[in-house]
Each structure stands twice: as C-alpha cells, then as structure tokens.
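Here are my notes on the model you sent. They are set out as numbered points, with the structure shown first.

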Amino acid sequence: MKLQRKNRLRALSLGAVAVSGALALTACGSDDNGGKESGNPSTSAKAGSIKCDDAKGQLLADGSSAQKNAIDAWVKAFSQACGVQINYKGGGSGAGVTAFTQGQVAFAGSDSALKPEEVTASKKVCNGGQGIDLPMVGGPIAVGYNVPGVDNLVLDAPTLAKIFDSKITKWNDPAIAALNKGVKLPDLKIQAFHRSDESGTTDNFTKYLIATAPDNWKYSGGKAWQAKGGQSAPQSAGVAQQVKQTSGAIGYFELSYVKDGIKAVSIDTGASKPVAPSSESATTDIAAAKVVGTGKDLSLQLDYKTKAEGAYPITLVTYEIVCDKGNKSDTLPATKAFLRYIAGEDGQKVLPSIGYAPVPDEIIAKVRTTVEGLS
C-alpha cells in the first residue's frame, strides 16, 4: 500500500511539471483547450477531452474563495471549448451553501461538507433528491506571514493557536524563538488576520487547531471565526491582501495566494523535519482521507494529526455541491459537462501548477461515476 501511494504521488508530481507549460499557454489565450472548436457543442478540446454534449447558456455558481483560482482556470478552458458562460462569485463557503439551498445557483463550492440541516434545506430545491458533496479540489491551507528579515519560519500547533488567540503578541516571543533557533526575530507586534465571512477555510483551519492543540484552542469551531481579538477581512483574497500590506502580519489562506511579499510557514508536526505547504505535501495528507458520506455523498474525513513524513497537516478539500436528483433541466447539461471536465484527468492535471492538490485516484474515480449519474 505504501509503495502504491508513493508511486501515485510521484506520478502527480511529474504531472504537475508536464502541465505547467500547457497552463501557461492557456493563460495567454491559446486555443489548445478547444477554443477554435467552441462552435460545435459535441466536440472535445484538442488538449484533452472537454465533452460539451448539450451544454449551453450560462451557469451561476458561488462559494469557496479558496478554490477561486482553480475555478478561474477551469472556466476559461471550459468556456473556450463549449461556449458556456460560468459566473462563479467566490463569496465564501457560507454564502455558496446558502445560495444553493435557496435555489439561486446551479452548484456551489464549499470547503466544508453539508451539515444535516443544510441537506434537509437542499431537498426543497432538489426535486426528489438532495444536495451532495463532491470533492474536486485539494490543497494546503497556508499560514502566510509578512515579517521583514525572516525568510523561513517554523511554527507548531500550540504556538499557532496562541498567536491566533492573541496569547502570543510579539514575533520574538520565546515560544517562536524556540522553534526557530538561529533566526533573528524582530521585536515586532503580531497582526493576526482571520476571515470576516463564514468560511470553510476557517472551519478546516480551526479543526486543525482543535485536533492538535486542544489545551490552547478552546473553541468549538465552524465556518465563523470564534476567537477574540485579531483583525478580519473577507475571503481568502482579502486576508492575503492584508497580510501583504501589513508588517508583522500573519493569516491563513489557500497556497496560491502566497506571493508578492507573503511567505509561508513550515509546520512542525513531530515528523523528522518541518513540512512546508505544497501540492505534494497536501496530497500526501489527503491520500489518507476516508470517505464518510453516505449514498452518493462523498464527504471526507481528513487526518489533521498526521505525523507522516512529508505530510502537510493543514489541508482542505473543496466540494462542489450539486443535487443528486432534481437539478434544473435548463442548467443540468452544462453543470454535468463542467463537473465531468473538472473531475476528469485533464481538469485535475491543472491543479498542481497553480498551488492545488489533485483529489486522490480512488476518490476522484467515485466522483466521476457520481457525476455521470446526476439527473
């Protein structure tokens, strides 16, 4: 089993290298994803197999801002191939679930699986069915920081909990210094930023703290931030922007937002060396996830307490939420075609080059089967 996982991770790593050049061409407006063929709805993209079938019109969607950069890349390729306009707001997981259960969107993105009461609410808009969770995007929740002169920073769960609970307030605190021997830490105030909106990223980040630092993190968790103090901003992009422009800042967001002056913390998990966030280190952790959903629901249980070598522990999986039955007839063909593409080999190959982790083979195979059965 270990050998099989090792081979799979090696294949994903090689796939990330192979796709980076192809994605760069896409970003420059290449027709490699089928743009020249968009007039024929039954054709597939040249670079892969974007099958448009009867997809037409436009789709409205909302939800996870953590997956926004992945959605943007997918939408560009799919729209070029099929001529379908997809408007994904990325207003946060909470907003997405609410929009879905109110029948405002064809699908929603959420970094947390539907709660029982949300499944019940979805039955009102899914005629004869209910909302289900389809894991589509994996990735690390990076802890990004902006501390002048500090290029490499290691933190562990108890220290992170104290920082985000306003119990550690200076960057040269002894607890931080003990994890960063030889690093000159400034006498600088810590500016901790969290999400102001309801967020699956917050839910997963605090689940990590609850699981690994229960003595230092006494909150129950959920999409809404509960700790006192700190500063807030909406969506992953908003938190990242505040960290970028604030000296002494720290915040949490998806790895693709770590750029332009933001550096990422490496986590001391108890393994032989600290683990930095990356597509590969997140995949190592997500590969150990268990499917805990019932029926067609494929929600996962992640291992936040992992001490496996090279496994980054603060990960999330973004679910696309859709009706298993009772999808609106005018949007079902386009929804199904888009989900088929992003769950397919070509869609998943895009992820590593933009800071995400593909969903492990055994799980994504179940997703593909479920997508084909949507009605």
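With the bonded cysteines of the protein chain numbered in sequence order, what is the pairing? The pairing is 1-2, 3-4. Bear in mind throughout that this is a predicted model.

1. Disulfide count. The count comes to two disulfides. One joins Cys52 to Cys82. The other joins Cys126 to Cys323. A disulfide is a covalent bond between the sulfur atoms of two cysteines.

2. Cys52 and Cys82. The S to S distance is 2.0 Å. The torsion about the S-S bond is about -85 degrees, so this disulfide is left-handed. The pair links distant parts of the chain, 30 residues apart. Cys52 sits in the loop between helix 1 (2-27) and strand 1 (58-63). Cys82 belongs to helix 2 (residues 68-82). Cys52 is buried, with a relative accessible area of 0%. Cys82 is buried too, with a value of 6%.

3. Cys126 and Cys323. Here the S to S distance is 2.0 Å. The torsion about the S-S bond is about -75 degrees, so this disulfide is left-handed. The two cysteines are 197 residues apart and link distant parts of the chain. Cys126 is in the loop between helix 4 (116-122) and strand 4, while Cys323 is in strand 13 (residues 315-323). Both Cys126 and Cys323 are buried.

4. The nonpolar cores. Which residues have the most contacts inside the largest nonpolar core? They are Trp74, Phe78, Met136, Phe164 and Ile250, in a core of 85 residues. Helix 2 gives the most to this core, with nine residues. A second, separate core has 10 residues, including Val97, Phe100, Ala108 and Leu114.

5. Helix 9. Is helix 9 (residues 279-286) largely enclosed or exposed? Seven of its eight residues are buried, so helix 9 is largely enclosed by the rest of the structure. The buried residues are Ser279, Ser281, Ala282, Thr283, Thr284, Asp285 and Ile286.

6. Helix 12. This helix (residues 361-372) has 12 residues. From first C-alpha to last it reaches 17 Å, close to the 16 Å expected at 1.5 Å a residue. Its buried residues are Ile363, Ile364, Val367, Thr370 and Val371. They cover an arc of only 115 degrees around the axis, which puts them on the same side of helix 12. These buried residues pack against strand 4 (131-146), strand 11 (290-291) and strand 12 (300-301). They also pack against helix 10 (332-343) and helix 11 (345-349).

7. Ala192. This residue lies in strand 6 (residues 191-195). At 11% relative accessibility, Ala192 counts as buried. Not counting residues up to four places away in sequence, Ala192 touches Ile163, Phe164, Gly230, Gln231 and Ile250. Ala192 and Gly251 are 59 residues apart in sequence, and their C-alpha atoms are 5.9 Å apart in space.

8. Asp72 forms one with Lys68, the closest N and O atoms being 3.0 Å apart. Why are Asp72 and Lys68 separated by about one helical turn? Because they are four residues apart in helix 2. Asp72 is partly exposed at 38% relative accessibility. Lys68 is partly exposed at 22%. Asp165 and Lys167 also meet in a salt bridge, 3.0 Å from N to O. Asp165 is buried, with a relative accessible area of 9%. Lys167 is exposed, at 57%.

9. Glu372 and Arg340. Their salt bridge has its closest N and O atoms 2.8 Å apart. Glu372 lies in helix 12 and Arg340 in helix 10, so the pair ties together parts that are 32 residues apart in sequence. Glu372 is partly exposed, with a relative accessible area of 41%. Salt bridges that share partners join Asp53, Arg340 and Glu372 into one network.

Note on methods
Residues are numbered from 1 along each chain as its sequence is written. This is a predicted model: local features need pLDDT of at least 70, side-chain atom pairs count only at pLDDT 80 or more; totals for chains, interfaces and linings use all residues. Side-chain values use heavy atoms; hydrogens and water are left out. The expected span of a helix is 1.5 Å times one less than its number of residues. Buried means under 20% relative accessible area, exposed over 50%, partly exposed in between (1.4 Å probe, protein chains only). The arc is that of the directions from the helix axis to the C-beta atoms. Contact means heavy atoms within 4.5 Å. A disulfide is a pair of cysteine sulfur atoms within 2.5 Å. A nonpolar core is a set of buried Ala, Val, Leu, Ile, Met, Phe, Trp, Tyr and Cys residues joined through side-chain atoms within 4.5 Å. A salt bridge is a side-chain nitrogen of Lys or Arg within 4 Å of a carboxyl oxygen of Asp or Glu.
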